[in-house]
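Reader: I've got a protein model open and I'm a bit lost. Could we go through it piece by piece?

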Amino acid sequence: MPSLTLHAHPLSSYCWKVLIALYEAGTPFAAPLLDLADPRARAEFYALWPMGKMPVLVDATAGRTVPETSIIVEYLDRYAPPDRRMIRGDAEAALEVRAWDRFCDLYLQASMQKIVGDRLRAPESRDATGVAEARQVLRTAYGVLEAHMQGREWAAGAEFSLADCSAAPALYYADRVEPLRGRLPALTAYLQRLEARPSFARVLDEARPWAHLFPRADAG
């Protein structure tokens, strides 16, 4: 078996994406708490990955350091049982999975993080225009997904996939800054299915001790 270490924080939405895939596959791994507020931990992490973005996977057996969530999940598929891989099927099916994964990262995650990041700034440094633009992108993305999820259980095909690993944290956090529940029935039902999935339920449970650190504010 590989010796895998995921450098991550249990509150990070991008870390959740990889954790869901790990729990889906039942792949063993270590996950030391990455606290970037600790100067020593921060320096060690930046030495590992100078871009400083979590999570990062280290495969000690293969001597590989793997950054970027979608790439990490694809890398982990080599260790997952065939029926638990997050990209399955033929080339066309795989393309569909990757397309919705990118959609969730680029339009949901990025917009949500723009809003959350702005809340952490000093009032005089906030970007009201950028936040308004991010909210509009979220609303547009919600509309696309609401139409896409009509009659579907999962985002890309009949099986839970990388696309759902990406959608789960993105929608969970996006709903907290630009509420969707009750307004969009298909998307609300999809988010509820994601939250009920054992892998994501476990991630949410593990994050609860840090939930109070999420910056709160009324949605605009």
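Reader: How many bridges join strand β1 to strand β2?

Author: Keep in mind that this is a predicted model. Strand β1 covers residues 4-7 and strand β2 covers residues 56-59, and the two run antiparallel. Leu 4 has Asp 59 as its bridge partner in β2, and Leu 6 stands opposite Leu 57. The number of bridges joining β1 to β2 is four.

Reader: And which residue in β3 stands opposite Leu 57?

Author: Strand β3 takes in residues 64-67, and β2 pairs with β3 in the antiparallel sense over four bridges. Leu 57 of β2 stands opposite Leu 6. In β3, the residue opposite Leu 57 is Val 66.

Reader: Which residue in the turn of the hairpin has a positive phi?

Author: The hairpin is made by β2 and β3, with four residues between them.

Reader: What is the average twist from one strand to the next?

Author: Take the open sheet in its order β1-β2-β3. Going from one strand to the next, the twist averages 20°.

Reader: Which helix packs on the sheet?

Author: Look for a helix touching β1, β2 and β3. Its direction makes about 130° with that of β3, and it spans residues 69-76. That's helix α3.

Reader: Is α1 parallel or oblique to α8?

Author: Helix α1 (residues 13-25) packs with helix α8 (residues 198-207), their axes 8 Å apart and at an angle of about 130°. Roughly antiparallel would need an angle over 145 degrees, and roughly perpendicular would need 65 to 115. So α1 is, relative to α8, oblique.

Reader: How many residues of the contact of α1 with α8 are nonpolar?

Author: On the α1 side you'll find Trp 16, Leu 19, Ile 20, Tyr 23 and Glu 24, and the α8 residues they meet include Phe 200, Val 203 and Leu 204. Of the residues in this contact, one is polar and three are charged, while the nonpolar ones number eight.

Reader: Last one: is Ser 166 buried or exposed?

Author: Ser 166 is in helix α6, residues 162-177. Beyond its neighbours up to four places away in sequence, Ser 166 touches Lys 17, Asp 101, Cys 104, Asp 105 and Gln 109. The cut-off for buried is under 20% relative accessible area. Ser 166 has 0%, so it counts as buried.

Terms used: Residues are numbered from 1 along each chain as its sequence is written. This is a predicted model: local features need pLDDT of at least 70, side-chain atom pairs count only at pLDDT 80 or more; totals for chains, interfaces and linings use all residues. Side-chain values use heavy atoms; hydrogens and water are left out. Buried means under 20% relative accessible area, exposed over 50%, partly exposed in between (1.4 Å probe, protein chains only). Contact means heavy atoms within 4.5 Å. Two strands pair if DSSP finds at least two bridges between them. Axes are lines fitted to C-alpha atoms, for helices over the stretch in contact, and angles run from 0 to 180 degrees between N-to-C directions. Angles under 35 degrees count as roughly parallel, over 145 as roughly antiparallel, 65 to 115 as roughly perpendicular and the rest as oblique. Ala, Val, Leu, Ile, Met, Phe, Trp, Tyr, Cys and Pro count as nonpolar, Asp, Glu, Lys and Arg as charged, and the others, Gly among them, as polar.
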